[in-house]
Amino acid sequence: MTAQTPANPQPVLPAERAGLRAWLGLATLVLPVILISVDMTVLSFAVPHLSADLAPTGEQLLWIVDIYGFLIAGFLITMGSIGDRIGRRRLLLVGAAAFGAASALAAFSTSPEMLIAARALLGVAGATLMPSTLSLIRSLFPDDRQRMVAVAVWASAFSAGAAFGPILGGLLLEHFFWGSVFLINLPVVALILVAVPLLVAESKDRSPGRIDPLSVLLSLSAMLASVYGAKRLVSGEVSGLAVAALVMGLAGVVLFIRRQRRLPHPLLDLSLFSLPRFRAGIVTNFMLIFSLVGTLFFLTQLLQSGYELSPLRASLVLVPGLAVSVLASFIVIPIARRFALRTVISGGLLVSAAGLALVTQLPAQEGVVMALVAFAVLGLGSGLTETLTNDAVLTAAPPARAGAASAISETAYELGGALGVAVLGSVLTAGYRMSLEGAEPEDLPDGAVSRAAETISSASVVADEVGGGAGAELWAAAQEAFASAVNLAGGLAAVLVLATAALAFFLLRRDRT
């Protein structure tokens, strides 16, 4: 592919269209995307199994699941700046090797604390894998139509990976121990280490400016403190520590934003948010992943623990939604040529909201078919939207700032997934606990209800220990309480997605494409 100088007014010639090497390069670039997105959700099906083995508390379980996404989001922009300096391909290769090592550590964890630490290391390593992917797509595919197809591949890889994670987890857990959901990363890491040097050229910024250590510290501490406080408050713990953490986190966000505006080379280029198309793309991506990953977190638990499906059977319930999401990512390309961007994006969000509305109607028992339909509708809406929002992010930013735009977009993805689990998971945990404790099953030993209220998996164990009619009554109450909590979390997600649809329609009101 030849370079086109700014002084040349001629249109892109057919010879400059991407060839086979560029498409093979795209295939290698989606490997890190699949790896990150699979690892974000693959634990969903392993939760009951690792809970039985490691016996984490409800709070520890949430940290095991979501600390990975928090640290990816916290370090992503920093790692993008480092990649600008040492080379994006080099950073990807170093990060892939570290990701493989952390995966092995997680697979053989012997305590909740060890698994949380391993997942934290996976998050830091994962942050090195993502910064170059979207920016390289823009350079590999200058032709508009080819680029949109490439972005569709990228978007479908992320959403498919997020949805395929639980399916892969179900298949592995049918035959192996729970740590296998981490060991599966190792062959993908090996393929990245071999293929990327062969197919993707090195890339770096020739004038990147220096990294500001205070900005790095502010971004990470602000996010972790605010999320920690929000998690505590949403779960029902109104304490001085929770409020202080949230206030400190929000103050850190304000300080971070003010500092970025003063720096000549900021970690986060806030000027990009002045572009309506960019803002709409970022907000929409964030909320789509928020709802998708959060829904997967509680839906997989409902299928296994609530509906008592095996991991393999539960994973098959998600297959139609996965297939629909990938197919919709490509079907939307010709649709986007006939309708306005805001119409298609808002329409996709409304479809996603309809899927979440079905989640609010899931019963305590025999709701497998409804769960399948709900996830398929949610996948359809996500697929219709993500290709266009990612292309909007890339095309809204000037070419010189494609890397910064990509880093912000990927941060929205990772933070959306992490907050989806944190917020919706906290709502789920709080709703389940209050509903079960309010049911007050009779003739139970002291402390049985409080133990069962930790997680739905704990309720299964306690019900077996109690046995007899009292145990059966406790388990029925737990199933009802968990389904009620799933309905509540799904309703919250539906409202947020509807609000996002209205916001995207407003932000893109002057967009003519």
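In this predicted model, six helices, namely α3, α10 (213–234), α11 (240–262), α12, α17 and α20 (468–507), each supply at least two residues of the lining of the second largest pocket. Among these contributors, α10 provides the largest share, seven residues. The space in this pocket amounts to about 950 Å³. Its lining comprises 32 residues, and those nearest the centre are Val253, Phe286, Thr411, Leu415 and Leu419. Sorted by class, the lining of the second largest pocket consists of 26 nonpolar, five polar and one charged residues.

Rolling a probe the size of a water molecule over the atoms shows where empty space is left. The largest cavity holds about 110 Å³ of space. Twelve residues line the largest cavity, and Gln301, Leu428, Thr429, Glu454 and Thr455 are the closest to its centre. Two or more lining residues of the largest cavity come from each of α3 (58–86), α12 (276–306) and α17 (402–439). The lining of the largest cavity is made up of seven nonpolar, four polar and one charged residues.

Ile331 counts as partly exposed because its relative accessibility is 41%, a value between the limits of 20% for buried and 50% for exposed residues.

Technical notes: Residues are numbered from 1 along each chain as its sequence is written. This is a predicted model: local features need pLDDT of at least 70, side-chain atom pairs count only at pLDDT 80 or more; totals for chains, interfaces and linings use all residues. Side-chain values use heavy atoms; hydrogens and water are left out. Buried means under 20% relative accessible area, exposed over 50%, partly exposed in between (1.4 Å probe, protein chains only). On a 1 Å grid over the protein atoms alone, a cavity is a set of points where a 1.4 Å probe fits but cannot get out, and a pocket is an open set with protein on both sides within 12 Å along at least five of seven lines; lining residues have an atom within 4 Å of a point. Grid points are joined across faces, edges and corners, and a volume is the space filled by probe spheres set on the points. Helices (H or I, at least four residues) and strands (E, at least two) are DSSP runs, numbered from the N terminus. Ala, Val, Leu, Ile, Met, Phe, Trp, Tyr, Cys and Pro count as nonpolar, Asp, Glu, Lys and Arg as charged, and the others, Gly among them, as polar.
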